[in-house]
Amino acid sequence: MAGALLCPDQCRIRNVPQLADVGRMLEILEALGVKTQQQGDCIDLDLRDLSSPAAPYELVNQLRASFFAIGPLLARVGVARMPLPGGCNIGARPVDLHVRGLRALGAHVQIEHGIVSAAIPGSRRRLQGARIYLDCPSVGATETLMMAAVLAEGETILENAAQEPEVVDLANFCRAMGARIRGAGTNTISIQGVERLHTADYAIIPDRIEAGTFLIAGAITNSVINVAPVIPDHLSATIAKLEEMGCPIVQTSSNELQTQPQGSLRGVDLRTLPYPGFPTDMQAQFMALMSICEGDSVITETVFENRMQHVAELQRMGADIRLQGNTAIVRGVPQLSGAPVLATDLRASAALILAALAAEGKTQISGLQHLDRGYENIEEKLRKLGADIKRFTAE
């Protein structure tokens, strides 16, 4: 949605879930002057009249992804003003890589009073291509700088770039609008700037984290579940860990996977890493599963330093988990028990739902505003699989 700002015409994006974050991003685009229309899983964007290069603080503060608009705005209109972003409190996610990269492309960037102001200085109309090395393979910085470079003059090379499927998808969307990008999905991305993009009609990839969450739902309840549509290659790390634990995953068609649990599961060790390593966004869900596996599991979180807030809530349900810094030692127990728990972030909320599916008795989960940021109508999907789950408004 932020990438569409590069287009001076109209765009259609398909396969869009109805999420709280999508709604907030629409509000941010509308504040910038974009006309939007959402119908089912389609979003139409009319980007011909950008009336403002500045996004309002009260919207950006709720959605970290809103900061993505700074790159395309700067490239398209030469100036952008974005408040420092909000989002889930899972650790420090500074924007210094974004800022350094934009400066390398020739932008003048200042951070004052919580506002990042960027502009193309002097009489130049376009950013200038550059070779940029990222200190770490940040998805956000890779995407921001790739979008900014699309309309830059000359060639930009991003080294140590993030390789996530979402980076490839964004590159494919930009290419559908006429961008010239090579190497997305590898650690070196080359962007040859063009003067102008054109309209596009584009369908985004399936959500690999939602798909992985449902695969774990099958494993944790010892159930056969078919999950589609998926891109199996995007789930390689998740599938490998589930099979190591004793839950085979079978590919039943080109875009469908099936869980085939074999009864008791065994503990394993995992370490979160940038793609193609094990995704940090699946760590909490696996911890819920490991809570009822035979033996011990060790989880090492290397991406976000504050991403273990779900430990205390799983412990309330009877999980045997010990924390040592960024490492969790999980000793499997025969049975979890239902309890009132609090979802502290997006993936923690999914982990608590998974634990509740396997727990004895009733579990009440609050803090669902996090859940709605990344899962569309998950309770209805689980109900169709036979879960006894309902949402209600607390007194």
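Me: What makes β17 and β18 a hairpin, and which residue in the turn has a positive phi?
Reply: β17 and β18 have 2 residues between them, and Gly-325 in the turn has a positive phi of about 65°. The two strands run antiparallel, joined by 5 bridges. Two strands pair if DSSP finds at least two bridges between them, so β17 (residues 320–324) and β18 count as paired. Asp-320 stands opposite Arg-331 in β18. This is a predicted model, in which local features need pLDDT of at least 70 and side-chain atom pairs count only at pLDDT 80 or more, while totals for chains, interfaces and linings use all residues. Residues are numbered from 1 along each chain as its sequence is written, and side-chain values use heavy atoms, leaving out hydrogens and water.

Me: Which other strand pairs with β18, and in what sense?
Reply: Strand β16 (residues 296–300) pairs with β18 in the antiparallel sense over 5 bridges. Within β18, Val-330 is the bridge partner of Ser-297. Strands here are DSSP runs of E, at least two residues, and helices are runs of H or I, at least four, numbered from the N terminus.

Me: Why is β18 called mostly covered?
Reply: Buried means under 20% relative accessible area, exposed over 50%, and partly exposed in between (1.4 Å probe, protein chains only). In β18 (residues 327–331), 4 of its 5 residues are buried.

Me: How do you know that the length of helix α6 agrees with its residue count?
Reply: The expected span is 1.5 Å times one less than the number of residues. For the 12 residues of α6 (residues 165–176) that gives 16 Å, and the end C-alpha atoms are 16 Å apart, so the two agree. Gly-178, whose phi is positive, near 110°, follows α6.

Me: Which elements cover the buried residues of α6?
Reply: The cover includes β1 (10–14), α5 (139–150), β9 (180–182) and α7 (208–220). Among the buried residues of α6 are Ala-171 and Cys-174. Leaving aside neighbours within four places in sequence, Ile-181 is in contact (heavy atoms within 4.5 Å) with residues including Ala-171, Cys-174 and Met-146.

Me: What makes a set of residues a nonpolar core?
Reply: A nonpolar core is a set of buried Ala, Val, Leu, Ile, Met, Phe, Trp, Tyr and Cys residues joined through side-chain atoms within 4.5 Å. The largest one has 72 residues, and Ile-181 and Met-146 are among those that touch the most other members. α5 gives the most to this core, with 7 residues. A second, separate core of 61 residues includes Val-330.
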